[in-house]
Amino acid sequence: APCAHPAPPKPPSCVIQGAHATLQGGGLRAVFQTEGRLRLASLRNEYAGTEMLLSPEDVLLLLVEVGEKRYGGSRDFTCERIRPLDNGFVATLTLPEPALRAEVTVSVDDEGLRLGMELANAGNAPVDFKLAFPHLAGLAISDEPANDYYFFPSGGGIIADRPAIIRRGYGDYEALYQVMDIFSPAKGAGLYMRADDDEGWHKVLAL
């Protein structure tokens, strides 16, 4: 269907006020809670006219696995401070044990929301870990989530609406398009995620 909300996206902007940061641009409007924990509180698709975040508590932004334990960025890391940037901010997140520090960069431009992160060992002992970033969950475009479709870059591309868990490795002489998305055929709009990784380290794309 044609998009029902064809108004051009508003100029990129970031407003930090109190315990919230609101970013707008590229057809998205995102609200982050910045006090105590860094949480994505709202993600609105301006083209679909839809609040996409059905369960904000499921979005961890980053997920670190150390041994048998997993630590979520929005659940276990403390947001120590935020520093404003042009059309965005940098948040310093800390975890006491294991001692980790994450610098999360959030900004917006004409293409949409951009997320970046550097994770560092903040203690003296070595830490072996696995990292998932960005971690998004509980998203929908359609009024009924079951009406959403997804695209996953495996083979010639998987396009379907059936419930599935799909994981594929990337790197180590295997390449995929670093793009996946969910979309609503009825609303004529969707949300895609693109990884701008040009180093080719082995990783896994998971939907």
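A contact here means heavy atoms within 4.5 Å. With that in hand, we can look at how this predicted model is put together. Among contacts in the protein chain between residues at least 6 apart in sequence, 49% join residues at least 24 apart.

**The chain as a whole**

What does the secondary structure consist of? The protein chain has 18 strands and zero helices. Its radius of gyration is 17 Å, which agrees with the value near 17 Å that a compact globule of 207 residues would have. Taken along the principal axes, the box filled by the C-alpha atoms is roughly 55 × 45 × 30 Å.

Of the 207 residues, 37% are buried. The protein chain exposes about 11900 Å², and carbon and sulfur atoms supply 51% of that area. As for charge, there are 19 positive and 28 negative charges, and their mean positions lie 3 Å apart.

Five strands make an open sheet in the order 1-2-3-4-5, with antiparallel pairing. Which strands sit at the edges? Strand 1 (13-17) and strand 5 (50-51) do, each pairing on one side only. Strand 5 is joined to strand 4 (residues 39-45) in the antiparallel sense over two bridges. Here Arg44 has Glu51, in strand 5, as its bridge partner.

Two residues of this region are worth a visit. Gln24 belongs to strand 2 (residues 20-25). Is Gln24 buried or exposed? Its relative accessible area is 15%, and buried means under 20%, so Gln24 counts as buried. Setting aside neighbours within four places in sequence, Gln24 is in contact with Lys10, Pro11, Pro12, Ser13, Arg29, Glu46 and Val108.

Thr34, in turn, is found in the loop between strand 3 (28-33) and strand 4. Thr34 is also buried, with a relative accessible area of 9%. Which residues does Thr34 touch, not counting those up to four places away in sequence? They are Gly18, Ala19, His20, Ala21, Cys79 and Ile82.

Strand 6 and strand 7 form a hairpin with two residues between them, and Gly67 in the turn has a positive phi of about 65 degrees. Within this pair, Leu63 stands opposite Gly72 in strand 7. Strand 10 and strand 11 also form a hairpin, again with two residues between them. There, Val104 faces Met117 of strand 11. In general, strands of a sheet pair through backbone hydrogen bonds, either parallel or antiparallel.

| Strand | Partner strand | Bridges |
|---|---|---|
| Strand 4 (residues 39-45) | Strand 5 | two bridges |
| Strand 6 (residues 61-66) | Strand 7 (residues 69-72) | four bridges |
| Strand 10 (residues 100-109) | Strand 11 (residues 112-121) | 10 bridges |

**A buried tyrosine**

Finally, turn to Tyr170, which lies in strand 15 (residues 167-170). Tyr170 has a relative accessibility of 11% and therefore counts as buried. How far is Tyr170 from His202, C-alpha to C-alpha? The two are 5.4 Å apart in space, while 32 residues separate them in sequence.

Methods. Residues numbered from 1 in each chain as written. Predicted model: local features only at pLDDT ≥ 70, side-chain atom pairs only at ≥ 80, totals over all residues. Heavy atoms only, no water. Rg over C-alpha atoms; globule rule 2.2 N^0.38 Å. Buried < 20%, exposed > 50% of the residue type's maximum accessible area, 1.4 Å probe, protein only. Areas by Shrake-Rupley, 256 points an atom, 1.4 Å probe, with all protein chains shown as cover. Lys, Arg positive; Asp, Glu negative; His and termini not counted. Charge placed at Lys NZ, Arg CZ, Asp CG, Glu CD. Pairing = 2+ DSSP bridges.
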